[in-house]
Every structure is written in C-alpha cells, then in structure tokens.
Amino acid sequence: MRRLGLILVPYLWLLALFLVPFVIVFKISLSDLAMAIPPYTPNLDLTEGWAGLVSFFRELDFENYVWLTEDALYWKAYLSSLKIALISTALTLLVGYPIAYGMARAPEEWRPMLLMLVILPFWTSFLIRVYAWMGILAKEGVLNQFLLWTGLISEPLIILNTNLAVYIGIVYTYLPFMILPIYASLERMDESLLEAAEDLGCSRLSAFWLITAPLSKQGVIAGSFLVFIPTIGEFVIPSLLGGSKTLMIGKVLWDEFFSNRDWPVASAVAVILLLILIIPIILFQRNEQKQREADG
Amino acid sequence: MALDVFSPWDDPNAKPLIQFKNVTKRFGDFTAIDDLTVDIFEQEFFALLGPSGCGKTTMMRMLAGFETPSQGTILLSGQDIAPVPPNQRAVNMMFQSYALFPHLSVWDNIAFGLKRDRMPKDEVAARVDEMLRLTRLEKFGRRKPHQISGGQRQRVALARSLAKAPKLLLLDEPLGALDKKLRQETQFELMDIQESTGTTFVIVTHDQEEAMTVASRVAVMDEGKIVQVATPDAIYEAPNSTYVADFIGDVNLITGTVKAEGDKLHLTWAEGQSEIVGSSSKTFSKDQNVHFAIRPEKVAISAQKPEEVANAISGKVLDIAYLGNISTYHVQLAGGQIIKAQTANNRRISRRSFTWEDDVWLSWTDTAGVFLER
C-alpha cells in the first residue's frame with residue numbers, strides 16, 4: 001500500500017502539472033477564435049447534459065493545424081528555431097567543455113568555489129541579465145565603447161537585434177546547463193586512466209580523444225539536450241536581443257497569444273512544438289538510462 | 001644437483017637493468033627520495049617495501065616517467081631515462097586502481113597499448129589472445145571492466161601492462177584490493193607469470209608477507225632511503241638495523257651492552273640475569289650499547305631448565321595468543337621485560353603444555369639472534 005502511494009505521488013504530479021494543462025491546451029487548439037472571454041468557442045457546458053457534450057465535440061476540429069501548414073511563417077519559424085537551437089547548442093558546447101574541463105582539473109579545494117561561480121548568475125533574475133546584455137551589446141553600449149576606446153574599430157558594431165546577439169544571449173544563459181553535466185562526468189573520471197594511457201604509448205592529445213572524450217560523452221549528450229530543448233521554445237532572448245528578422249517559434253507563439261489574441265492558433269503552435277520536442281526528450285531519457293546502467 | 005641460484009647481484013660482472021644513482025626527489029620542502037642508489041637486475045622480481053609515505057611509490061613513478069628526479073640519474077640499460085617521456089619508455093605500469101578503461105572491453109583494454117604502436121591488426125589479435133590465455137581470461141574478452149570480478153580486473157590490468165612486452169614492469173600495490181585468500185593465490189600466479197615471461201618486475205607494497213613471498217630481493221625503505229636491500233631470507237634472518245628487524249615480522253628487542261669473548265659476543269642486559277650469548281659478523285666496541293634481536297619462533301619454551309643451551313631465562317606466562325596453527329606466549333621475566341616465544345601447535349589445544357601464570361624457561365642457541373647497533 002505504501003509503495004503504491006509512493007509511486008502515485010510522481011504520477012499525480014505529472015497528471016496535475018503536465019497532462020491536465022496539455023489536455024486544456026489541446027482542446028483550445030481544436031476550438032475556434034471568438035470575440036469573447038475566454039476568446040474561443042466552444043466551451044463545455046455540463047448543464048445541457050449529453051446533448052451539450054455531443055455538440056461540444058462536434059464543434060472541435062483541426063482547422064488551426066491546417067492553417068499552420070498553409071502559412072509559411074509557421075514552418076519557417078519551426079525550422080529557424082531548430083537551426084538556432086542547434087547552432088546555439090554547438091556553441092555552448094564549444095565554450096562549456098573547456099570550462100568544465102578546467103574546473104575538473106583544478107585543485108580540489110578550488111572546485112566548490114568554481115561551481116559556485118558557474119551557478120552564481122542564477123541568483124539574479126534571468127530577465128535582468130538579458131537586459132544587461134542589451135546594455136552591453138547596444139550601439140552605444142559598453143562593448144562598442146570599449147572597442148572604440150581601444151581603437152580596434154572606428155565605427156560601432158551592430159550586434160544588438162541581430163541573430164548574433166541571440167546566440168550570445170542563449171550561450172550565456174544556458175552555459176551552466178552545459179557545464180554542470182560535463183563537469184560531473186569529468187570530475188569522477190580517475191586521473192590514473194590518463195597516466196595509464198600515456199604509459200601504454202599515448203600522447204597527451206590522443207589520450208584526450210581516446211579516454212577523456214568517450215568518458216565524458218554522456219555528460220556532453222546530457223548537457224546538449226539540456227540546452228537544446230529549452231532553446232527551441234525560447235522567446236525572451238529572441239524578442240529582447242533579436243531583431244525583426246530573428247524568427248523563432250517561441251516568439252511567434254507569444255505574438256499569437258498576446259498581439260493577435262488568437263489562442264486557438266497559439267495552442268496549435270504549442271502542441272506541434274511539444275511534438276517536435278518529444279523526440280529529443282525521449283533521446284535524453286534514454287541517455288540518462290544508459291548512464292545509470294553504466295554506473296550500476 | 002643444485003639448481004643454479006639466480007643471484008646476479010652477487011656477480012660483479014652482471015650489468016644492472018636499472019641503476020638509481022644518487023637520486024633525490026623533492027616536492028616543495030618535502031624530500032620524498034633522499035640520495036638513493038640502488039641497482040636492479042634483469043629478470044629480477046624486486047620489491048620496494050615500506051610504510052606509506054616512505055617514497056616507494058615516488059620511486060616507481062620516476063621509473064614510469066610520471067615524475068623526474070630533482071637530482072641524480074636513473075639509467076635503464078645504461079641510458080639516462082630522464083628525457084624520455086612516459087609514452088616512449090619500454091616500461092609499463094600496473095596501477096594500484098588498475099586504471100582499466102571503463103568504456104573499452106577487456107580485449108580492447110589489452111590491445112590498447114599495441115594499437116598505439118601501430119602493430120598490424122592480426123598481430124594485435126594474436127598478442128591479445130596470448131595475454132588472455134596467460135592470465136586465464138579467454139572467456140571474458142568481450143566483457144566490460146565493470147562486468148567482471150575484482151580478481152579478474154587485476155588480471156586484466158596485468159595482461160594489459162604485459163602486452164607490450166616491456167623491459168620492465170612496475171606493479172603498484174597490485175594485490176591491495178583483493179581479499180586475503182585471493183591475494184595469496186595471485187601472488188603465486190604473479191611469480192609464475194614473471195618467470196614464464198622473463199620480464200623484470202618491480203613491485204611496490206606495504207605488505208611484508210607479499211614482498212617476502214614474491215620477491216627475489218626486497219628493499220626496505222624508510223623516509224626516502226633504502227635501509228636494506230637483500231633476499232627475503234637475509235632480510236628476515238640478518239636484518240642490518242633495528243628498523244628492518246622491527247618492520248619485518250615480529251621480533252624481541254633486548255637492549256644492553258656488549259663485549260666480545262672469544263668468537264662470541266656477550267650481552268649484559270639486566271641485573272641478576274645471566275649474559276646473553278650470541279654471535280655476530282659485525283664487530284662492536286667494548287661496552288657498546290646494542291639491541292639484541294631475536295624472532296619469537298627461535299625462542300623455545302619449556303617447563304624445565306633445558307640442558308646444554310647457550311641461553312636460558314626463566315619467566316612467567318603472562319598472555320597466550322592462539323592463532324590456530326601457532327601460539328605466541330608472552331613471558332614476563334623477573335625484571336618485568338616481556339619476551340615473545342612462538343610454538344607450532346602440533347597438538348590439540350586441550351593438551352597444551354603451558355597455561356597462564358605457569359613458570360617456564362625460555363631458551364635459544366647462540367646463533368638464533370642478531371646484535372644490532374642502537
């Protein structure tokens with residue numbers, strides 16, 4: 001009985017915080033736009049009994065999904081989001097791996113401090129940090145002023161409101177999610193493995209490729225998913241740092257909800273986004289599972 | 001028909017494989033190895049024995065190339081190895097933690113070093129299979145290290161370090177992670193493999209029994225110096241210092257002053273007790289303060305005073321440690337000193353001759369013990 005209770009807790013959690021909201025969103029995506037509160041029809045009215053239920057289901061249809069396929073904006077936004085997420089993930093890996101490696105090789109008494117430093121940005125609001133980047137990257141921003149002062153450039157660089165600013169923002173924001181799992185996998189690696197590899201005739205570099213890289217693979221995969229999955233749906237960074245040309249599905253979703261007040265289409269966009277994300281999430285879970293098996 | 005005894009260290013013409021020449025290694029203020037000179041010969045099974053922190057692991061790591069001496073030179077076959085990086089030395093090491101690559105199968109672990117040498121594929125396969133046979137791991141080639149037992153992992157580590165047929169194999173506490181029974185079996189396996197491959201082995205251990213079992217010569221180390229290098233029996237029977245006598249096995253130490261009488265030495269050690277008679281190859285000045293060291297199993301215990309024995313002292317049984325195959329009697333002498341005497345339990349315990357508080361005689365011959373400088 002107690003075991004059943006324990007198992008039920010996470011399932012109830014999932015039901016209340018994932019499945020129920022999803023069903024509501026899915027239902028809205030099948031509805032029609034209406035000038036009302038809430039801004040869609042039909043609404044389920046149980047006072048009318050069975051007949052009401054039947055007519056309620058009659059009115060639901062997939063026309064919003066059809067609409068998504070007809071307007072090129074949407075699939076372009078999906079593709080563009082995928083591209084930005086992929087490139088950002090690669091960039092984050094490129095920046096994060098050396099940091100994680102350096103942390104794992106640092107003297108043991110430094111490591112808690114370095115970990116603290118990685119986590120420290122989380123102590124301030126995400127929004128404030130993105131605004132701070134606006135201040136840095138703007139035409140009259142700190143970065144341009146500094147570069148002009150050093151004489152490296154004579155004209156201010158246009159970074160803010162370009163895709164470059166979006167990449168900078170995403171890499172900055174999601175870097176800890178990349179560093180932490182890689183650090184965890186590197187840190188528990190036995191350093192005598194590298195000595196053994198060297199002893200058996202490896203150079204330092206080939207020891208890295210033959211030993212360190214494969215042993216940190218799980219960390220790299222975990223970190224990449226942790227960056228990739230939230231980046232696809234990201235909308236704060238592209239709307240604050242990106243320009244009018246930056247097309248991301250999160251931004252489209254936001255506009256549908258709050259500018260067009262078209263909740264049904266916005267919900268359809270969200271449902272498709274979720275379906276796209278299910279694949280990497282499943283892959284991520286399988287990676288975690290594999291790691292647990294390897295550790296066991 | 002005596003077998004040719006392997007003892008190149010006694011042969012002045014033998015060329016050592018490894019020579020430590022006045023090697024010193026410092027880590028900051030700490031001197032790990034202090035002006036150490038020692039020769040290790042080909043096909044030797046050389047044991048570095050000492051308490052933790054005595055510098056034995058540092059010596060090994062210098063041989064492997066992970067540390068460089070602060071002063072002095074290390075020669076391998078007459079050549080200074082200081083400038084040779086670890087990945088180009090004809091030296092392989094078996095790590096204390098085994099350091100098996102967890103993402104590679106047993107087979108690939110053993111093949112790792114061979115592949116780095118760009119050996120042709122079929123030769124690699126042949127060599128790996130040979131190593132698997134040598135270490136009786138044929139069935140486990142495809143498993144990952146976490147899928148085999150501790151003893152098997154130890155053998156994989158050995159096979160991997162032997163695969164490249166090194167001139168010198170270093171073993172860092174190779175049996176430390178095994179339980180006692182498996183350790184004893186593995187010691188004999190190690191000796192067999194060492195003999196059949198003819199590789200020179202240098203083993204680091206803090207377990208004196210292990211060093212005595214496997215090694216052709218044992219170097220007892222203390223605080224960065226080698227205190228004594230000798231065959232296991234010489235280390236045990238003729239320790240050159242109190243440190244060695246005390247470190248290896250159990251020993252009774254009696255302090256006193258020594259004087260020579262004829263070819264024997266006499267030790268005056270307590271008032272009212274007759275002098276202890278012994279012999280020594282070393283010479284001592286008259287009335288020099290010395291330790292007389294005697295192993296418990298060389299002390300006989302009897303109820304009556306034995307006749308015609310060089311040394312006999314009476315005392316009272318204070319304690320008995322029953323170890324199954326042997327018993328150690330702690331006998332208190334008149335002056336309060338305690339001497340340990342060991343006897344083999346070749347009778348059932350119910351028929352034991354002595355018990356607590358019994359008055360007994362301890363006796364030993366005049367060649368049983370050694371005199372050591374204090």
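A crossing of two helices is called right-handed if the near helix is turned clockwise from the far one by less than a right angle, and left-handed if anticlockwise. The model discussed here is predicted.

Q: Which hand does the crossing of H2(B) and H3(B) have?
A: The crossing of H2(B) and H3(B) is right-handed.

Q: Which residues of H2(B) and H3(B) meet, and how do they divide by class?
A: From H2(B) come Trp107(B), Ile110(B), Ala111(B), Leu114(B) and Lys115(B). They meet Val124(B), Arg127(B), Val128(B), Met131(B) and Leu132(B) of H3(B). Eight of the residues in this contact are nonpolar, none is polar and two are charged.

Q: What makes H4(A) oblique to H8(A)?
A: The axes of helix H4 (residues 72–105) and helix H8 (residues 163–187) of chain A cross at roughly 45°. Roughly parallel requires an angle under 35 degrees, and roughly perpendicular begins at 65. The value lies between these limits, so H4(A) is oblique to H8(A). The two axes come within 6 Å, and H4(A) passes H8(A) in a right-handed crossing. The residues of the contact comprise 22 nonpolar, three polar and one charged.

Q: How many residues of each chain are in contact with the other chain, and which helix of chain A gives the most?
A: The contact involves 14 residues of chain A and 17 residues of chain B. On the side of chain A, helix H9 (192–199) and helix H10 (204–215) each supply at least two residues. H9(A) gives the most, with six residues. By class, this side of chain A has seven nonpolar, three polar and four charged residues.

Q: Where do the domains of chain B lie, and what joins them in contact?
A: The domain assignment gives domain 1 (8–245) and domain 2 (253–373) of chain B. Their C-alpha centres lie 39 Å apart. Five residues from domain 1 and five residues from domain 2 take part in the contact. The domain 1 side consists of three nonpolar and two polar residues, with no charged residues.

Q: Why are S15 and S18 of chain B placed at the edges of their sheet?
A: The open sheet has five strands in the order S15-S19-S16-S17-S18 (chain B), with antiparallel pairing. Strand S15 (300–302) and strand S18 (338–344) each have a single partner strand, so one side of each is left without a neighbour in the sheet. On average, neighbouring strands of this sheet are turned by 45° against each other, direction ignored.

Q: How do you know that S16(B) is paired with S19(B) and with S17(B)?
A: Pairing requires at least two bridges between the strands. Six bridges join strand S16 (residues 311–322) to strand S19 (residues 359–364) of chain B, and Ser363(B) is the bridge partner of Ala312(B). Seven bridges link S16(B) with strand S17 (residues 326–333) of chain B, where Val317(B) stands opposite Val331(B).

Q: What makes the backbone at Ala165(B), Pro38(A) and Pro42(A) worth noting?
A: Most residues other than glycine have a negative phi, and most peptide bonds are trans. Ala165(B) has a positive phi of about 50° although it is not a glycine. The peptide bond from Ile37(A) to Pro38(A) is cis, with omega near -10°, and the bond from Thr41(A) to Pro42(A) is cis, with omega near 0°.

Technical notes:
Residues numbered from 1 in each chain as written. Chains lettered and ligands numbered in written order. Predicted model: local features only at pLDDT ≥ 70, side-chain atom pairs only at ≥ 80, totals over all residues. Helix = DSSP H or I, 4+ residues; strand = E, 2+ residues; numbered from the N terminus. Contact = placed C-beta atoms within 7 Å. Nonpolar A, V, L, I, M, F, W, Y, C, P; charged D, E, K, R; others polar. Domains from an automatic or database assignment. Axes fitted to C-alpha atoms, helices over the stretch in contact; angles between N-to-C directions. Parallel < 35°, antiparallel > 145°, perpendicular 65-115°, else oblique.
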